[in-house]
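Dear colleague,

Please find below the sequence and the structure that I am handing over to you. My notes on what was found follow directly after.

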Protein chains: 2
Amino acid sequence: MAAGKIPVLTPRSTGFPRWYQDIVSKAELADNGPVRGTMVIRPYGYAIWERMVAEMDARIKLAGAENAYFPLFIPESYLRREAEHVEGFSPELAVVTHAGGKQLEEAVVVRPTSETVIGEFMAKWVQSYRDLPLLLNQWANVVRWEKRPRIFLRTSEFLWQEGHTAHASYEDARNYARQILHETYQDFMVNVLAIPVVVGRKTARERFAGAVNTTCCEAMTGDGKALQMGTSHELGQNFAKAFRHRLPVQGQQTRAGLDDLLGTSTRMVGGLIMVHGDDGLRVPPALAPIQIVVTAIKDEVVEAVHKIGAELRAAGVRVRVDDRTDIPFGRRAIDWELKGIPLRIEVGPRDLAAGTAMIARRLTGGPKTAIALTDLVDQLPQLLANEQQVMLTEATVARDGRIVEVASIDEAAEAAVDGWAKVEWSVLGVEGEAKLAQSAVTVRCLQRADRAVPDTEDEPGLVAYVARSY
Amino acid sequence: MAAGKIPVLTPRSTGFPRWYQDIVSKAELADNGPVRGTMVIRPYGYAIWERMVAEMDARIKLAGAENAYFPLFIPESYLRREAEHVEGFSPELAVVTHAGGKQLEEAVVVRPTSETVIGEFMAKWVQSYRDLPLLLNQWANVVRWEKRPRIFLRTSEFLWQEGHTAHASYEDARNYARQILHETYQDFMVNVLAIPVVVGRKTARERFAGAVNTTCCEAMTGDGKALQMGTSHELGQNFAKAFRHRLPVQGQQTRAGLDDLLGTSTRMVGGLIMVHGDDGLRVPPALAPIQIVVTAIKDEVVEAVHKIGAELRAAGVRVRVDDRTDIPFGRRAIDWELKGIPLRIEVGPRDLAAGTAMIARRLTGGPKTAIALTDLVDQLPQLLANEQQVMLTEATVARDGRIVEVASIDEAAEAAVDGWAKVEWSVLGVEGEAKLAQSAVTVRCLQRADRAVPDTEDEPGLVAYVARSY
């Protein structure tokens with residue numbers, strides 16, 4: 001937005017949570033649902049989620065996984081099979097006690113996640129080693145009752161994908177979890193969302209209940225906190241044992257399988273806002289459901305903007321034509337800026353006479369520039385690619401500028417007031433971690449010195465990223 | 001399947017319901033879920049559903065509608081706002097009484113459909129006539145507790161799309177409902193599913209509770225019954241009034257909007273089985289997630305089949321390469337036949353030496369034919385298109401052969417034992433309809449003599465299609 005205008009949002013600097021809610025509302029992303037903690041994802045917010053799903057789903061399928069669908073309702077008894085599992089979820093469960101006009105004999109739980117039921121069916125479907133690896137993924141809604149909901153970040157119902165895989169060996173299971181972490185999640189977040197996530201291993205304290213190893217992608221938000229954007233868990237044999245998912249091995253014996261659990265959710269929409277938002281949403285071109293808006297300033301140019309829209313669409317650009325000349329031009333421009341559309345092409349009668357259009361760059365800013373109409377199809381796809389690159393670079397610089405290397409627990413706590421601290425894990429340790437947790441500062445992940453993901457937390461030379469989080 | 005083999009399924013002619021369950025199971029489409037009436041959609045079944053979603057979603061977007069997502073949970077009070085609505089659904093509701101570890105102050109219902117909550121938000125979002133038409137669609141799971149579940153056809157949870165639109169005039173609402181009926185539903189069912197649905201208007205008795213007009217697409221199943229595959233309802237102002245969805249009109253007054261409700265579901269997978277299945281599933285090429293399987297008969301040809309697969313994939317064909325030479329060839333062939341993959345390319349060492357492959361046509365049958373490897377990419381896409389056409393023609397001939405034109409109520413009842421009856425609506429009337437209903441025979445839809453969809457059931461010269469149904 002041009003300097004000097006009255007902001008339509010609470011400025012980010014004066015109140016981050018309020019600013020966040022304002023973007024959700026003014027960019028028409030979502031509303032609160034009638035049941036507390038639920039959300040209505042509005043068409044523009046859902047179009048962004050659909051683009052996330054499309055990009056992620058293509059990567060998941062490339063990694064050899066197949067989609068399936070398991071029931072929303074899970075018998076209550078299933079959740080008791082794995083002690084740590086039920087402990088982790090029971091305060092968040094929604095329970096159906098009545099259905100079909102009468103009380104149920106056994107209450108059913110609305111899935112908080114599906115590993116109990118997926119585990120049971122994997123056991124049924126895997127008849128021999130030839131059936132391994134079994135690589136399944138599910139796109140679905142799940143329910144976890146939230147005491148303090150925040151739209152997209154923590155809602156009582158959210159949309160997600162959960163990958164569940166079974167492998168013949170520990171190495172296969174670990175390698176696949178790593179492959180998804182890097183080739184699906186990290187690649188999508190960095191190259192599509194333009195979010196330079198920090199990728200590492202969770203400490204024992206932060207690990208998913210029942211996993212032997214949890215790896216994650218952590219984003220830095222605009223207020224210097226951390227947001228977990230996706231996780232990839234190795235479950236080892238914990239779940240396979242609990243859910244009787246056993247495999248025949250050579251020589252008639254059976255052995256529990258080795259499972260992975262992989263997940264991302266509509267929380268990523270919240271991440272998009274919190275990482276890239278400024279005076280509105282900013283959507284990177286590789287993600288954007290609308291990459292370019294072609295705006296008719298006056299009635300006389302409506303036909304011309306539709307022609308431009310059709311040409312760009314034929315060139316593979318995701319275009320929206322804005323011919324609503326009955327709405328003042330300035331109001332429309334502000335709407336598209338709030339929604340973070342990467343490029344606007346503005347065409348008035350004088351532009352058309354001169355054979356040019358004005359280009360407004362929402363993401364990286366700067367003054368509008370004129371471009372010949374005949375150059376649009378040639379130049380704009382490249383401009384979109386440049387904007388994507390600049391956005392990632394800016395986000396990376398902003399992130400690195402807020403990560404402070406420290407050498408003590410106290411310094412880590414101080415740095416985490418409005419940024420992240422990077423500290424040697426040997427300096428922190430589980431005791432330091434517990435101490436930081438008292439002021440809501442947590443270890444987001446552990447990395448090796450070369451930024452690789454460690455195999456255990458006992459490796460020498462590990463560094464911990466420490467921050468407050470959403 | 002070749003004649004003379006032992007059938008792996010219950011033959012269709014000896015027990016249609018059992019045959020149906022056998023296909024669901026042997027083609028690995030779905031399993032029963034642990035909670036009665038729920039289903040697990042297996043990867044192959046889900047891939048078919050994903051193809052349905054992709055084809056339908058493209059048509060829905062072409063018709064100008066935008067996807068959105070509304071919450072799974074609806075306050076119980078919302079369903080009471082529209083008397084007919086709650087009456088229609090209350091015996092089927094699943095009710096959450098406990099969540100987050102305690103009893104809820106107001107119980108929430110798991111959505112059986114979303115018009116109550118969507119209606120409320122449409123009212124909120126429509127500020128003026130400029131916001132009309134508002135064209136929304138949702139892909140989601142819904143729950144209706146089923147006393148007599150049958151997988152895909154009637155399950156306590158199913159996946160569906162529901163379109164909800166608001167219009168400024170009765171004509172707009174009616175035209176849009178008709179547009180979706182013909183351009184989205186009928187076009188998809190006829191040209192992708194190869195199911196020659198009969199399209200018409202429901203009688204008052206069969207109409208959706210609260211609608212002023214319900215139109216539908218009805219398929220004829222392999223046992224001569226009818227299956228409702230999709231509906232398009234004009235709600236008039238019934239829902240708009242109940243859900244306070246009011247529009248400003250010229251001159252400060254307000255008026256209830258005019259809504260449509262449009263829906264199809266995973267029931268279409270059941271329709272696919274029941275219409276096209278024979279000794280296994282048969283999937284039309286335009287729908288098939290796997291259009292061609294390239295099968296290596298022996299190890300020596302594995303590299304060659306992968307090359308063929310890559311070439312066909314590059315030509316836009318959906319291909320699976322079957323290189324599982326450790327499983328007997330015959331068993332694999334039966335598996336692919338059960339799954340109804342349109343074409344199989346079989347390659348053995350001798351074929352490869354001769355520069356040919358054998359083509360097996362699952363859908364229209366006949367002996368295998370040899371084809372030069374160099375002709376595959378040129379000829380197979382056309383062969384797929386031909387198979388699609390033949391399938392539709394065969395289904396149409398089969399359907400028409402089982403529709404008997406009759407002149408009395410008794411004859412209609414008799415024809416409906418194993419087929420459909422076509423009878424003048426003036427001969428039948430609401431009394432004849434009620435009489436047929438006593439033996440579970442219903443009017444599937446009304447048509448004009450020229451097969452067009454009537455505007456009211458009072459038009460002269462209408463014909464009624466009468467049948468038993470799933």
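In these notes, angles under 35 degrees count as roughly parallel, over 145 as roughly antiparallel, 65 to 115 as roughly perpendicular and the rest as oblique. The model is a predicted one, in which local features need pLDDT of at least 70 and side-chain atom pairs count only at pLDDT 80 or more, while totals for chains, interfaces and linings use all residues. Residues are numbered from 1 along each chain as its sequence is written, and chains are lettered from A and ligands numbered from 1 in the order in which they are written.

Helices of chain A

Helices (H or I, at least four residues) and strands (E, at least two) are DSSP runs, numbered from the N terminus. Axes are lines fitted to C-alpha atoms, for helices over the stretch in contact, and angles run from 0 to 180 degrees between N-to-C directions. In chain A, the axes of helix 2 (residues 43-62) and helix 6 (residues 170-191) come within 9 Å and cross at roughly 155 degrees. Helix 2 of chain A and helix 6 of chain A are therefore roughly antiparallel to each other. On the side of helix 2 of chain A, the contact (C-beta atoms, placed from the backbone, within 7 Å) is made by Glu55(A), Met56(A), Arg59(A) and Ile60(A). Helix 6 of chain A contributes Glu183(A), Thr184(A), Asp187(A) and Phe188(A). Ala, Val, Leu, Ile, Met, Phe, Trp, Tyr, Cys and Pro count as nonpolar, Asp, Glu, Lys and Arg as charged, and the others, Gly among them, as polar. By these classes, the residues of this contact between helix 2 of chain A and helix 6 of chain A are three nonpolar, one polar and four charged.

Interface of chains A and B

Contact between the chains involves 43 residues of chain B and 42 residues of chain A. Strand 5 (residues 94-99) of chain B supplies six residues, the largest share of the side of chain B that touches chain A. That side of chain B has 28 nonpolar, eight polar and seven charged residues. Two strands pair if DSSP finds at least two bridges between them. Strand 5 (residues 94-99) of chain A pairs with strand 5 of chain B in the antiparallel sense, over five bridges. Within this pairing, Ala94(A) stands opposite Ala99(B), and Ala99(A) stands opposite Ala94(B).

Strand 5 of chain B is also joined by four bridges to strand 6 (residues 102-110) of chain B, and these two strands run antiparallel. Val95(B) stands opposite Val109(B) of strand 6 of chain B. The hairpin of these two strands has two residues between the strands, and Gly100(B) takes a positive phi near 60 degrees there.

A sheet in chain A

Five strands of chain A form an open sheet with mixed pairing, in the order 16-15-17-18-19. Its edge strands, each pairing on one side only, are strand 16 (319-322) and strand 19 (369-372) of chain A. From one strand to the next, the twist averages 25 degrees. Strand 15 (residues 292-296) of chain A runs parallel to strand 16 of chain A and is joined to strand 16 by four bridges.

Terms used
Two residues are in contact if their C-beta atoms, placed from the backbone, lie within 7 Å.
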